[in-house]
Amino acid sequence: MLKDLQSGKKVSGVKQSRRVLRDGLARTVYLARDADPALTAPLRELCREADVPVDEHYAMRELGQAAGIQVGAAVVALLK
């Protein structure tokens with residue numbers, strides 16, 4: 001699954017992920033298992049409403065590396 005993140009179009013971060021979810025552009029959303037639930041719970045609900053699959057198997061560090069950023073990522077959205 002992380003190979004999709006490394007090679008596909010994506011956005012990282014809560015604000016950008018929320019935007020692509022609302023615009024119907026997200027294919028899959030990755031929520032870090034060690035991220036603050038106050039950040040991830042609203043996005044999980046948006047994913048449920050938009051019928052977008054959620055993957056919560058990875059840590060922030062792993063998602064950040066897969067997204068090509070130097071810091072951990074709480075949320076990464078893979079685009080359609």
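Serine 12 in strand S1 (10-12) has valine 76 as its bridge partner in strand S4. S1 and S4 (residues 75-79) pair in the antiparallel sense over three bridges; two strands count as paired if DSSP finds at least two bridges between them. Strands (E, at least two residues) and helices (H or I, at least four) are DSSP runs numbered from the N terminus. This is a predicted model, in which local features need pLDDT of at least 70 and side-chain atom pairs count only at pLDDT 80 or more, while totals for chains, interfaces and linings use all residues. Residues are numbered from 1 along each chain as its sequence is written, and side-chain values use heavy atoms, leaving out hydrogens and water.

| Residue | Bridge partner in S4 |
|---|---|
| Serine 12 | Valine 76 |
| Valine 11 | Alanine 77 |
| Leucine 31 | Valine 75 |

S2 and S4 also run antiparallel, joined by five bridges. Four strands make up an open sheet of mixed pairing, in the order S1-S4-S2-S3. S1 and S3 are the edge strands, each with a single partner, so one side of each has no neighbour in the sheet. Helix H2 (residues 14-22) packs on the sheet and touches S1, S2 and S4, where contact means heavy atoms within 4.5 Å. The direction of H2 makes about 35° with that of S4; axes are lines fitted to C-alpha atoms, for helices over the stretch in contact, and angles run from 0 to 180 degrees between N-to-C directions.

Five of the five residues of S4 are buried, so S4 is largely enclosed by the rest of the structure. Buried means under 20% relative accessible area, exposed over 50%, and partly exposed in between (1.4 Å probe, protein chains only). Val75, Ala77 and Leu79 point one way from S4, and Val76 and Leu78 the other way. In a regular strand the side chains alternate between the two faces of the sheet.

In H4 (60-67), Leu63, Gly64, Ala66 and Ala67 are buried. Seen down the axis of H4, the buried residues fall within an arc of 165°, so they line one face of the helix; the arc is that of the directions from the helix axis to the C-beta atoms. They pack against helix H1 (2-7), S1, S2 and S4. Arg61 and Gln65, on the other side of H4, are exposed. Glycine 68 follows H4 and has a positive phi, near 80°.

Arginine 44, in helix H3 (residues 37-50), is partly exposed at a relative accessible area of 33%. Beyond four places away in sequence, arginine 44 touches Leu31 and Glu56. Its side chain makes a polar contact of 2.7 Å with the side chain of glutamate 56. A polar contact is a pair of N or O atoms within 3.5 Å; within protein, one must be able to donate a hydrogen and the other to accept it, and residues adjacent in sequence count only if both atoms are side-chain atoms.

Aspartate 51 lies in the loop between H3 and S3. Aspartate 51 is exposed, at 69% relative accessibility, and its phi is positive, near 55°. Most residues other than glycine have a negative phi.
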